[in-house]
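Please look over the sequence and the model before reading on.

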Amino acid sequence: MSGFEFKAIFFDLDGTLVDIHGPLYLAAKKALDDLGHTPPLTRERYWQAVAKDDRLLGVPEKLQKDFAKLAFAYFMTEVDATERMEVLPHVHETLTELKRLGYATAVITSRPGDSRLLLKKLAMVGLASHLDQVVTQNAGSLTQILDKSESLRATARRAEVEAVQCVYVGDEPRDIMAANNARFGAAIGVATGPATYEHLLTHPEHKPHHVMRSMHELPGVLENMRKGSR
């Protein structure tokens, strides 16, 4: 990447800024129980699957579509029911530093619903003051909700920043896909969600410009990009 001065840094939410594994485990367990899958999912088996990038937790192929729909629905219920989010390490200080440096910021999440309610939850854990925009999804289908490409484009327009001057930071390959679809200047993966560092780094389709192990690395990564190094 040649040197470039970005103006806006946008973020996914779950797995990127706040912890996702508690709600994900509970959602997956409930979905598997509904499908009658045995043995029951334990936290140990869940973490073993995460380490292997087994997103479908060994579910037989004939049940995978139903499992994905159920798990997503239960996950949305779990995150809505969670009154206080658990902010991931180094997020507060990183967002503080980005605002000090003058970047426009936003959260663009796959969560559906009223963005004002999400903003209140973000305010409870001290994140709202670091964000210029909070964007949720209003689409009706699961496919539309999971593809944030248009939301990224719209958020850049509201920030009055060209897409090529924007960075999107997320914890899953679909976050990288959305940033590339939106023609953002850079897509950065962070291995704090369900996808491992290796999975993000070596994904065959959706290639990030950089993969981080922690949000603590982001200011340095942006500085290296500005200087034209990786």
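Contact here means heavy atoms within 4.5 Å. The model is predicted.

By that cut-off, F11 is in contact with T16, L17, L95, L98, A106, V107, I108, Y168, V169, M215 and L218, leaving aside its neighbours within four places in sequence.

The strands form an open sheet of six, in the order 3-2-1-4-5-6, with parallel pairing. Strand 3 (133–137) and strand 6 stand at the edges. Each has a single partner strand, so one side of each is left without a neighbour in the sheet. From one strand to the next, the twist averages 25 degrees.

| Strand pair | Bridges | Residue pair |
|---|---|---|
| Strand 1 (residues 8–11) and strand 4 | four bridges | F10 opposite Y168 |
| Strand 4 (residues 166–170) and strand 5 | four bridges | Y168 and A187 |
| Strand 5 and strand 6 (residues 210–212) | three bridges | G189 and V211 |

**Strand 5 and its crossovers**

Which way do the residues of strand 5 point? A186, I188 and V190 point one way, and A187 and G189 the other way. All are buried. Strand 5 spans residues 186–190 and is mostly covered, with five of its five residues buried.

Strand 4, helix 8 (residues 173–181) and strand 5 make a right-handed β-α-β unit. Strand 5, helix 9 (residues 197–202) and strand 6 make a right-handed β-α-β unit as well.

**The cores**

The largest nonpolar core has 32 residues. Which of them touch the most other members? They are I9, F11, L122, V169, I188, M215 and L218. Strand 1, helix 4 (91–100), helix 5 (115–124), strand 4, strand 5 and helix 10 (218–227) each give two or more residues to this core. Helix 10 supplies the largest share, four residues.

Key: Residues numbered from 1 in each chain as written. Predicted model: local features only at pLDDT ≥ 70, side-chain atom pairs only at ≥ 80, totals over all residues. Heavy atoms only, no water. Buried < 20%, exposed > 50% of the residue type's maximum accessible area, 1.4 Å probe, protein only. Pairing = 2+ DSSP bridges. Right-handed = clockwise from strand over helix to strand, strands pointing away. Axes fitted to C-alpha atoms, helices over the stretch in contact; angles between N-to-C directions. Core = buried A, V, L, I, M, F, W, Y, C linked by side-chain atoms within 4.5 Å.
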